[in-house]
Amino acid sequence: MFLDKVLVSTILTCLSLSLPVYDDIKYREIPDSHWIPSIIACAVFWVWYLNSRVIVITSTLFLLYLLVYIVTTGLMLAFYLILPRWGYLGSADSIGFLVVSVLNPAVLVIPSIEFVISVPLAIFLLSSVIMICKVFTHNILYNLRRIKDFKELTKDMSLRRRLCLFLMGRILAPEEYVKDKFSFPLYIPDKMNRLFVKVNWEPFEKEPVTTHVIVSSGEPYLLYLLVGGQSGLKSCDSAIAPSRSCHPTPVPQSTNHQSSIHAISRQFLERK
């Protein structure tokens with residue numbers, strides 16, 4: 001049954017990303033050897049998955065699900081591979097998304113609005129929303145406590161620029177800036193004024209300053225990817241591959257949208 005697949009995906013995703021997430025939180029760097037458990041987890045999952053299911057291509061609906069999964073996941077993988085080359089994303093984040101994609105070959109179906117989305121894309125969107133909300137909330141609360149210093153530091157900027165820095169950065173005193181372990185400078189008077197950081201190329205080492213500065217936190221994205229992945233898996237209702245003993249049957253009509261989702265799932269995932 002489908003819950004078996006969700007349970008296995010959840011367990012293996014947690015196991016495969018636990019060590020990289022720990023490294024990302026503590027060091028913001030992941031040694032290549034720490035991805036070995038992820039490779040093993042992906043291999044174990046697909047051995048189990050292929051032994052319990054076969055791909056049936058006689059259903060138009062199944063082909064639609066498969067196309068949605070391949071196209072959206074492929075586009076996201078391309079996105080994750082390009083950004084590190086430009087410096088705006090760590091290479092480990094790309095590997096993490098690849099692991100999540102391999103361990104979640106599924107699509108999420110919402111019949112009530114006739115919407116289908118691949119689970120990896122849903123995980124990416126959810127994890128990004130969680131990270132952005134956390135960062136913005138933390139920065140707003142932090143800057144509000146030092147609003148006088150922030151206004152003084154950014155008094156010569158446009159309102160739009162000040163708002164962007166208020167949301168995307170934190171104001172720090174000179175001694176705090178040097179001690180802040182995982183952050184990148186956004187604004188240093190007479191030296192730097194930017195909104196985006198090429199995190200894949202820039203070290204965390206900092207030079208002493210004599211004035212307040214605004215910095216952007218180097219967030220452990222793998223943590224948000226893991227949290228978003230587990231949250232997304234809880235809402236999945238349809239895998240792209242049916243079981244070997246699948247017997248397609250007409251989907252019963254129902255005014256209950258949740259029942260309709262489960263009916264679609266049973267059509268492709270039912271076991272004897």
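**View 1. Asp190 in its loop.** Asp190 is exposed, with a relative accessible area of 84%; exposed stands for over 50%, buried for under 20% and partly exposed for values in between, with a 1.4 Å probe and protein chains only. Its place is the loop between β4 and β5. Although Asp190 is not a glycine, its phi is positive, at about 70°. The model shown here, and in each view below, is predicted: local features need pLDDT of at least 70, side-chain atom pairs count only at pLDDT 80 or more, and totals for chains, interfaces and linings use all residues. Residues are numbered from 1 along each chain as its sequence is written, and side-chain values use heavy atoms, with hydrogens and water left out.

View 2. Have a look at the loop between α1 (2-26) and α2 (36-52), where Arg28 is found. Helices (H or I, at least four residues) and strands (E, at least two) are DSSP runs, numbered from the N terminus. The phi of Arg28 is near 60°, a positive value in a residue other than glycine.

**View 3. The open sheet.** Four strands line up in the order β3-β6-β4-β5, with antiparallel pairing. β3 (170-172) and β5 (192-193) stand at the edges with a single partner strand each, so one side of each is left without a neighbour in the sheet. Two strands count as paired if DSSP finds at least two bridges between them.

**View 4. β6 and its partners.** Here β6 (residues 213-217) is joined to β3 by three bridges, the two running antiparallel. Along this pair, Ile171 stands opposite Ile214, and Arg170 has Val215 as its bridge partner.

**View 5. The largest pocket.** This pocket holds about 1,300 Å³ of space. A pocket is an open set of points on a 1 Å grid over the protein atoms alone, where a 1.4 Å probe fits, with protein on both sides within 12 Å along at least five of seven lines; lining residues have an atom within 4 Å of a point. The volume is the space filled by probe spheres set on the points, which are joined across faces, edges and corners. Of the 39 lining residues, Tyr88, Leu89, Asp93, Val199 and Glu219 lie nearest the centre. Two or more residues each come from α3 (60-86), α4 (91-102), α5 (119-144), β4 (183-188) and β6, and α5 gives the largest share, six residues.
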